[in-house]
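Morning, everyone. Please bring up the model on your screens, and I will walk you through it.

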Number of protein chains: 2
Amino acid sequence: MRPYVFGIDLGGTTVKLGFFMTDGTMLDKWEIPTRKENNGFAILPDIAASIRAYLEEKNIALSEVEGVGIDVPGAVLEGGVVNRCVNLGWGVRPVGAELSELLEGIKVAVVNDANAAALGETRYASKWNNAVLITIGTGIGGGVIINGKIVPGAFGAAGEIGHFPVCDDETELCGCGKKGCLEQYASAEGIARLAKKRLSETSVESVLRSEESLSAKEVFDAAKEGDMLALELVEELGQMIGRAMAAVACVVDPEAFIIGGGVSKAGPILIDTIQKYYRQYAFHASKETAIITASLGNDAGMYGAMHMIID
Amino acid sequence: MRPYVFGIDLGGTTVKLGFFMTDGTMLDKWEIPTRKENNGFAILPDIAASIRAYLEEKNIALSEVEGVGIDVPGAVLEGGVVNRCVNLGWGVRPVGAELSELLEGIKVAVVNDANAAALGETRYASKWNNAVLITIGTGIGGGVIINGKIVPGAFGAAGEIGHFPVCDDETELCGCGKKGCLEQYASAEGIARLAKKRLSETSVESVLRSEESLSAKEVFDAAKEGDMLALELVEELGQMIGRAMAAVACVVDPEAFIIGGGVSKAGPILIDTIQKYYRQYAFHASKETAIITASLGNDAGMYGAMHMIID
């Protein structure tokens, strides 16, 4: 194997570029803006130009690079073809072939962003071979790793745990078009939505009433200070996530659940509550599944994308 | 590869033995009773004796047999070690090593019975590489196939879809020790239990009132004749299974769901109802997942166990 490899995390705002040794060691990382105008026409040329400029600066030839792994915020089909990235303005697009052509035919692997994060976390952080990553951020995403490999799903939808059907009488729409998805309640937006609803429905005292813009962070901060309404909301979120994880365990029975995303920064109050409910709902054989927080943070995608080349 | 292979399905009442060519063609099958007395001491010697007698009768040497695949009604750990088969009186037991020793060191593969059925169905019947088998019988079991291979789970509990947590206010215990598992409502026993409950709670007319012993079959037969209460029960079962399958699709997003088990003999009324609710609850990308009935019936375990040797 050649000595170097790139791992790239293509997001809706920035592109994160990571430069690695092919033993998995990160040497450098930087960001460029994601130019979404004109249906994201410039995105791949920008990435190729950034790679070329970096290599030139370091006096490294492209022929010393084993390949480029890149993750995208959308479904990925066979052969590195991306099937719609709404955030980027992309329709069906052969990202693997296009990026490779821009870089003299270099090997390119394309992977969904949540799946890349799952692969990155399991490879770098914990060495689990069978694990499920659940990212609790604005929404809820996830990735499933079986035998050390991403499970992409027949329609690119494996790990879409945020769209578990959990409530039959929801009236508001989820971003996916359904009603009653897990992420409508247990994501950062979900818990903020529930907090506002609860505050408007009851007159119970809560420090949350004085917050101008109520977000998940305020709810967790208030819960840590003992605010009853906030504590109830955290219990509710923990119960919903824990119960969904118990269902996930009935399907793939992983060695570990890895909890990532912005909400995971709430720390032990979140993980302990999730674990309590997970154990309550889990099938007996799976009660002791490890539940840990993600450790790579925003670098997980770069690591995972890079592993698509070196594994 | 040698020309012959055995696939054995070890159940609580009978052992089903299948004799195959190593191209997967079944040549013969027969059954022997499962002798459970003395903690199932005689089971493996009985199987070995049956295999030897059969080969002797057919004038085939053991050296012409590639191996023996055997499925068991319990969790299987690494190396063919079985971790409790309550129905057989077995605790932790190195079934692979024991059966191999009884047959001159032949290659033996041990697999969970639901997983074997899933492998058998996907290999023989439909050639799916990514599929989930759901068996709706007395209880609800299942198996998950990813990239053509069984997903056993870290604790042998993958595919235990019958133990999805679906109801928080159930008062009766499931066989697994939890309350509110899917199979308490949507299995053959579950639907019979719900039917009795509904009959005792309401005074609505139903042909089910005249049934002496009410089973799932009577409920489906009555539904096919238009009995309103029976139709409602079938809708409820279809909704529960369809919703659970939508959650399964959010985890592994299979190409197909294969519905097996005794209840699947109800035919289109069951599959159509499941499909209607599946599509209602499924994430948009996975709405068109194939839903088919199993085709190998009681032979699925033998086929799957055999494939553990020849794959």
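Let me start with how helices and strands are named. Helices (H or I, at least four residues) and strands (E, at least two) are DSSP runs, numbered from the N terminus. Now the ground rules. This is a predicted model, where local features need pLDDT of at least 70, side-chain atom pairs count only at pLDDT 80 or more, and totals for chains, interfaces and linings use all residues. Residues are numbered from 1 along each chain as its sequence is written, while chains are lettered from A and ligands numbered from 1 in the order in which they are written.

First, chain A as a whole. Chain A holds 10 helices and 13 strands. Its C-alpha trace spans about 65 × 45 × 35 Å along the principal axes. Next, the radius of gyration, which is taken over C-alpha atoms; the globule rule is 2.2 Å times the number of residues to the power 0.38. For 311 residues, a compact globule would have a radius near 19 Å, and chain A has 20 Å, which agrees.

How much of chain A is buried? A residue is buried if 20 or more other C-beta atoms lie within 10 Å of its own, exposed if 12 or fewer, and partly exposed in between; C-beta atoms are placed from the backbone. By that count, 53% of the 311 residues of chain A are buried.

Now contacts. Two residues are in contact if their C-beta atoms, placed from the backbone, lie within 7 Å. Take the contacts in chain A with a separation of 6 or more: residues 24 or more positions apart account for 62% of them.

On to the pair of chains.

Where do the chains meet? 34 residues of chain A are in contact with 34 residues of chain B. On the chain A side, strand S10 (140-146) and helix H8 (228-252) each supply at least two residues. H8(A) gives the most, with eight residues. The chain A side then divides into 23 nonpolar, seven polar and four charged residues.

Let's stay with S10(A). Seven of its seven residues are buried, so S10(A) is largely enclosed by the rest of the structure. In a regular strand the side chains alternate between the two faces of the sheet. Here Ile140(A), Gly142(A), Val144(A) and Ile146(A) point one way, Gly141(A), Gly143(A) and Ile145(A) point the other way, and all are buried.

What does S10(A) pair with? Two strands pair if DSSP finds at least two bridges between them. Strand S9 (residues 131-136) of chain A pairs with S10(A) in the antiparallel sense over six bridges. One of the bridge pairs is Ile134(A) with Gly142(A). A hairpin of three residues joins S9(A) to S10(A). S10(A) also runs antiparallel to strand S11 (residues 149-150) of chain A, with two bridges. There, Ile145(A) stands opposite Ile150(A).

For contrast, look at strand S3 (residues 26-33) of chain B. Of its eight residues, the number buried is zero, so S3(B) lies largely in the open. Its antiparallel partner is strand S2 (residues 14-21) of chain B, over seven bridges. Val15(B) stands opposite Ile32(B). Four residues lie between these strands in the hairpin, where Gly24(B) takes a positive phi near 100 degrees.

Last, some backbone angles. Most residues other than glycine have a negative phi. Asn39(A) has a positive one, near 55 degrees. Asn39(A) sits in helix H1 (residues 37-40) of chain A. With 12 C-beta neighbours inside 10 Å, Asn39(A) counts as exposed. In chain B, look at Asn38(B): its phi is also positive, near 55 degrees. Asn38(B) is in helix H1 (residues 37-40) of chain B, and is exposed, with 9 other C-beta atoms within 10 Å.

That's my tour. Thanks.

Note on methods: Ala, Val, Leu, Ile, Met, Phe, Trp, Tyr, Cys and Pro count as nonpolar, Asp, Glu, Lys and Arg as charged, and the others, Gly among them, as polar.
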